[in-house]
Amino acid sequence: HQSRSSCLIYVIKFVQVINFYHWIFFKALSMILLAIHLLVFMVMVKYLIKCKNIPHVSSSLLGFSLVLYYSATNTTKRVAETVANKLSADIAESHPSLPYTATDLKWHDENSRTTIEQHNSRVAIKDDLPDISNYRNIVIGHPIWWAIPLRIISTVIDNLDLNGKNLALFATSGGTNYDRAKSLIERTIKDNNYDVNVNRGEVLNSSSQVDKWINSLNLA
């Protein structure tokens, strides 16, 4: 009888030990699950905050926009890449027939190539412009030299069939607004008799300016 009692006590203690470890295991598991849930929640909150700062882009723009740019010093290139990313657009670069050298870009030299070219109406470009027939929206980016777009932009517009497209333009500049650039672009479009919806052009030097400008666009 005593042996049975001892055995029963051992069984009870064993069950108690098992239950205790079960309790510890499930307690630890619940703590891990709680930590995972908190981590997921924090990630979601961070993502929502980030999304709140991303400009709204209509789903109809996705895959139908092209950002075409020229950049002599990579400043416009960086902005063009930002714009293309925010619009989920394709991106391409235009090129002058003769690449610019550092000497060509000396704006303070009256005899430099770019100074002379800015007094001409057109500058030759390479025959490597992309086919834009499948794009609804064309975004052209360029630097501003002497308060107007560099002259190859007029040549680019001459060689694009912009009829029926939505056109948006942006520029980079150290201290010039887009007013004179707008006049030159509108004149070039008129010279080509394009039937095109032209959006407001803007000088973009910061991410916040890019977001504000994108939100103002009327694209298809």
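## Close-up views of a predicted protein chain

**View 1. The surface of the protein chain exposes about 13800 Å².** Of the 220 residues in the protein chain, 37% are buried.

**View 2. The fold of the protein chain brings together 6 helices and 7 strands.** If you trace the chain from the N terminus, the elements come in the order α-β-α-β-α-β-β-α-β-α-β-β-α. Now look at how the chain meets itself: among contacts with a separation of 6 or more, 79% are between residues 24 or more positions apart.

**View 3. The largest pocket holds about 290 Å³ of space.** Rolling a probe the size of a water molecule over the atoms shows where empty space is left. Here, 14 residues line the largest pocket.

**View 4. Helix α2 and strand β3 both contribute to the lining of the largest pocket.** Each of them, α2 at residues 75–87 and β3 at residues 137–145, supplies at least two lining residues. Strand β3 gives the most, with 3 residues.

**View 5. The lining of the largest pocket divides into nonpolar and polar residues, with no charged ones.** There are 7 nonpolar residues and 7 polar residues in this lining.

Definitions and conventions
Residues numbered from 1 in each chain as written. Predicted model: local features only at pLDDT ≥ 70, side-chain atom pairs only at ≥ 80, totals over all residues. Heavy atoms only, no water. Helix = DSSP H or I, 4+ residues; strand = E, 2+ residues; numbered from the N terminus. Buried < 20%, exposed > 50% of the residue type's maximum accessible area, 1.4 Å probe, protein only. Contact = heavy atoms within 4.5 Å. Areas by Shrake-Rupley, 256 points an atom, 1.4 Å probe, with all protein chains shown as cover. 1 Å grid on protein atoms, 1.4 Å probe; cavity = no way out; pocket = protein on both sides within 12 Å on 5 of 7 lines; lining within 4 Å. Points joined across faces, edges and corners; volume = space filled by probe spheres on them. Nonpolar A, V, L, I, M, F, W, Y, C, P; charged D, E, K, R; others polar.
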